[in-house]
Structures are given as structure tokens and as C-alpha cells.
Amino acid sequence: MTATLAPALPARLSLTPKTTLAGQLDGAWWPFSRDLTAELPPLVDALDEHFGRITRVTVNPTRWPVVPHKVSATGHTVHVGWFTEQDPDKMILLSYTVGRCDLLVIPPETEPAAAARLMTAAAVPGSVLAAGVLMSDEAATGRRMRDARSSEETWETDGGSAPAAAPAPGRRGAGDPPAEEHAEVTSWKP
């Protein structure tokens, strides 16, 4: 019996369009897991045409449980290093031809809507927002959205969604008091 390996999933990647505006980031990457050995090869392959052959990668080890020294990519080996001083939400990739590519790394467990917002924000040409700022802003946006949904759900369950339908003039509703108990206010004077 032979074991077959599942094919690698394509990299979920958003890159800044080519422009003269330099920004803090060159795009964003949303890996499927925190396994660099499995995740780096598809990323390196996807970046090959934009940045040339990626030879080195640096990460902050707080986001990766295991940081291998080397990872095999298509036709070559990528050397992996780590720096605790590096922004934990950023990955730096180095190539012989283009030089450096800085990517926001979106945590694998991120909800798709939040990941889409982050991928878009990280690919804005000339953006001065660093990876950690984008992640912090998205966390605040997520909290505001959850609070708004919670407020809306409370409103709906507390009977605040719509006023009860009023009975037609001259008709009483099932729960209305007898007609003699109705009082109509036509004007009010202090």
C-alpha cells in the first residue's frame, strides 16, 4: 500500500498592484494552517513570477509553533529565519532579483469576511499602515460589527422591530379596552 499526499492548496494571496507608490506592505497572505513546511511552498511558487525566486523568509516565532530552518520549494530550498523583534503579523521574503517582499500574514482561523477586508487593506498602494495596525483595526471593526449585530438582535427580540398594527378606525382590536375607556387628547396646554 502506498500513501499519496494531498495536493497543496493554492496560496490565498493579495498583492499590491505595480505602482511607483511605496507602502509598508506588498500585500497579504492567508495561510490554511500554521505549518510553515506545508504553507511556504505554494506561497513561494505564487510569488515566483512577481518577485523572482524566493530564497529566504523571516517570521516572528510567536505566530508559528515550529519554525523550520529550511523548506523545500519547487526546484530549490528556502531558508527560514526568525526574529522576535519582527512584527508578528508580518512575513519578510527575500529574492535575488527583486529584493524584499513584506506580507501581512492573516491568521488561518480568521473569518472569510475579515480576511477579505485585511487582504484588500494590505494591498492598497502607498499605504502607511503596518501589519500590526491593520490587524488591530480589523479586530476593532470585528468588535463593532458584533456589537451592532447584538444590539440589533436585542432590539428584535425585545419587540422593537416594528410597531404593532393599529386597528382600523371605528374597530376595536382583540386586546383593546372597551370604547368608554379610550381617551383622546386633542391638545395639551401647560
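## Ser95 and its contacts

The side chain of Ser95 places a polar atom 2.6 Å from the backbone oxygen of Phe51. That side chain also reaches the backbone nitrogen of Thr97, at 3.5 Å. Both are polar contacts (pairs of N or O atoms within 3.5 Å; within protein, one must be able to donate a hydrogen and the other to accept it, and residues adjacent in sequence count only if both atoms are side-chain atoms). This is a predicted model: local features need pLDDT of at least 70, side-chain atom pairs count only at pLDDT 80 or more, and totals for chains, interfaces and linings use all residues. Residues are numbered from 1 along each chain as its sequence is written, and side-chain values use heavy atoms, with hydrogens and water left out.

Ser95 belongs to strand S6, residues 90-95. Is Ser95 buried or exposed? Ser95 is buried, because its relative accessible area is 11%. The cut-offs are under 20% for buried, over 50% for exposed, and partly exposed in between (1.4 Å probe, protein chains only). Setting aside residues up to four places away in sequence, Ser95 touches Phe51, Gly52, Arg53, Ile54 and Thr55. A contact here means heavy atoms within 4.5 Å.

## Overall layout

The chain has three helices and seven strands. Their order from the N terminus is β-β-α-β-β-β-β-β-α-α. Helices (H or I, at least four residues) and strands (E, at least two) are DSSP runs, numbered from the N terminus.

Of the 190 residues, 33% count as buried. The chain exposes about 12600 Å², and carbon and sulfur atoms supply 57% of that area. Accessible areas come from the Shrake-Rupley method with a 1.4 Å probe; for residues, only the protein chains shown count as cover. Take the contacts between residues at least 6 apart in sequence: 63% join residues at least 24 apart.

## Strands around S5

Strand S5 (residues 76-82) pairs with S3 and with S4. With S3 (residues 54-59), S5 runs parallel, joined by four bridges. Arg56 stands opposite His79 in S5. With S4 (residues 70-73), the pairing is antiparallel, again over four bridges. Here Val71 faces Val78 in S5. Two strands pair if DSSP finds at least two bridges between them.

S4 and S5 form a hairpin. Two residues lie between them, and Gly75 in the turn has a positive phi of about 80°.

## Two loop residues

Pro31 sits in the loop between strand S2 (27-29) and helix H1 (36-51). Pro31 counts as buried because its relative accessibility is 1%. Beyond its neighbours within four places in sequence, Pro31 contacts Arg12, Glu39, Trp64, Val105, Ile106 and Pro108. Pro31 and Pro107 are 76 residues apart along the chain, yet their C-alpha atoms are separated by 7.1 Å.

Val66 is found in the loop between S3 and S4. At 58% relative accessibility, Val66 is exposed. Its C-alpha atom is 8.3 Å from that of Arg34, 32 residues away along the chain.

## A nonpolar surface patch

Which residues make the nonpolar surface patch of about 250 Å²? Val128, Leu129 and Val133 do. Patches are made of residues with over 30% relative accessible area and no salt bridge; like charges are joined within 9 Å, nonpolar side chains (Val, Leu, Ile, Met, Phe, Trp, Tyr) within 5 Å. A salt bridge is a side-chain nitrogen of Lys or Arg within 4 Å of a carboxyl oxygen of Asp or Glu.

Val133 lies in helix H3, residues 131-157. Val133 counts as partly exposed, at 37% relative accessibility.
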